[in-house]
Each structure stands twice: as C-alpha cells, then as structure tokens.
Amino acid sequence: MGKRHQARELALKVLFQLESSGDDPEEVLLYHAAEGAATADVTNFAGQLVRGVIANRDKLDSILSETSENWKLEQMAKVDRIVLRIAVYEITIDRHVPTKAAINESIELAKTFSGEESGRFVNGILGRVAANVT
C-alpha cells in the first residue's frame, strides 16, 4: 500500500472521528498516526488533507450538494461523505494530485470501509465533479 493511500486512510479515520466530536484535529491526527505507526510523510500528507477539508468544508459540501442529484449530504453514509470531501478537496482545491488518481483512491477507500456499492456511488459523484473542473 502506497504512502498516499495510507495518508488518505489516516485522514479518513481522523475526519470520521471529528465528524461527531469537538476534539482537536491535530491531537486526533497524532493519536491515529501513532496507533497506525504512520511515518512522518504519511502523517504530514494526512494532516494536509485533514486541514484542507476542515478549512473548506462549506465549499466542499456545496459542491457535493450540487453534484449529487438523488442524495442529500445528510442521507449519505458517513464514510462515503467523508471520502467524497477528501476527493473533492483534492480535485477542486488542492489540485496537486491527478484527478484520476484522486478518484481511484477514493473508490478504493469507499469499497474498503463502506462496501462495493459505495465504490460505485463515489465513482458516480466524483465523475460529475471532475467533469465540472476546469
């Protein structure tokens, strides 16, 4: 498993915990990084993703709401919603990773943590998001 995949997985775990708690993001990141014996590179990239998603959450949620025709954000599975936020951040704001790589990574995370159907769901939404990025 590549470092960037490990970092996205770490970011997913951190953001999942933060979704339902008022915990300090940096403390949660360090806790999960230590628990998973993450390297400094993995922890740093995960931290960038976590901070980026938190700082841009309203914009990310707006993009997801506009793109998802049949699902409101609140109706989405928590894992799917967080995976989508990370990917939309990478595709529309960060833009340091090729769009295809961000989408493929997100599909794998969704399948691993939420199931096969979630992979298709995430793929469909991110395909529409990517089509709107210029």
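Analyst: Let's start with a term: a polar contact is a pair of N or O atoms within 3.5 Å, where, within protein, one must be able to donate a hydrogen and the other to accept it. Keep in mind that this is a predicted model.

User: With which residue does the side chain of Ser 118 make a polar contact?

Analyst: Ser 118 lies in helix H7. The two side chains in this polar contact are 2.9 Å apart, inside the 3.5 Å cut-off. The partner of Ser 118 is Ser 114.

User: Is Ser 118 buried or exposed?

Analyst: Beyond residues up to four places away in sequence, Ser 118 touches Asp 80 and Ala 110. Its relative accessible area is 8%, and buried means under 20%. Because 8% falls under that cut-off, Ser 118 is buried.

User: Which residues does Asp 61 contact, leaving aside its neighbours within four places in sequence?

Analyst: Asp 61 is found in helix H4. With a relative accessibility of 13%, Asp 61 counts as buried. Its contacts, with those neighbours left aside, are Leu 73 and Arg 85.

User: Why do the buried residues of H4 line one face of the helix?

Analyst: The buried residues of H4 are Leu 60, Asp 61, Ile 63, Leu 64 and Thr 67. An α-helix has 3.6 residues a turn, so residues three or four places apart point the same way. Looking down the axis of H4, the buried residues line one face because they fall within an arc of 160 degrees.

User: Which exposed residues does the face of H4 turned away from its buried side carry?

Analyst: The buried residues of H4 pack against helix H3 (40–55), H5 and H7. Turned away from that buried side is a face with the exposed residues Asp 58 and Glu 66.

User: The structure holds one aromatic pair. What is the geometry of Trp 71 and Phe 121?

Analyst: Trp 71 sits in the loop between helix H4 (57–67) and helix H5 (78–94), while Phe 121 is in helix H7 (residues 116–132), so the pair links parts of the chain 50 residues apart. The ring centres are 5.7 Å apart, with 70 degrees between the planes. Since planes over 60 degrees apart count this way, the pair is edge-to-face.

User: How far from the ring centre of Phe 16 is the charged end of Lys 78?

Analyst: Arg 4 lies over the face of Phe 45, at 4.2 Å from the ring centre. Lys 78 also has its charged end over a ring, that of Phe 16, and the distance from the centre is 4.0 Å.

Conventions: Residues numbered from 1 in each chain as written. Predicted model: local features only at pLDDT ≥ 70, side-chain atom pairs only at ≥ 80, totals over all residues. Heavy atoms only, no water. Phe/Tyr/Trp six-rings, centres within 6.5 Å; stacked < 30°, edge-to-face > 60°. Helix = DSSP H or I, 4+ residues; strand = E, 2+ residues; numbered from the N terminus. Lys NZ or Arg CZ within 6 Å of the ring centre and 35° of its normal. Buried < 20%, exposed > 50% of the residue type's maximum accessible area, 1.4 Å probe, protein only. Contact = heavy atoms within 4.5 Å. Arc of directions from axis to C-beta.
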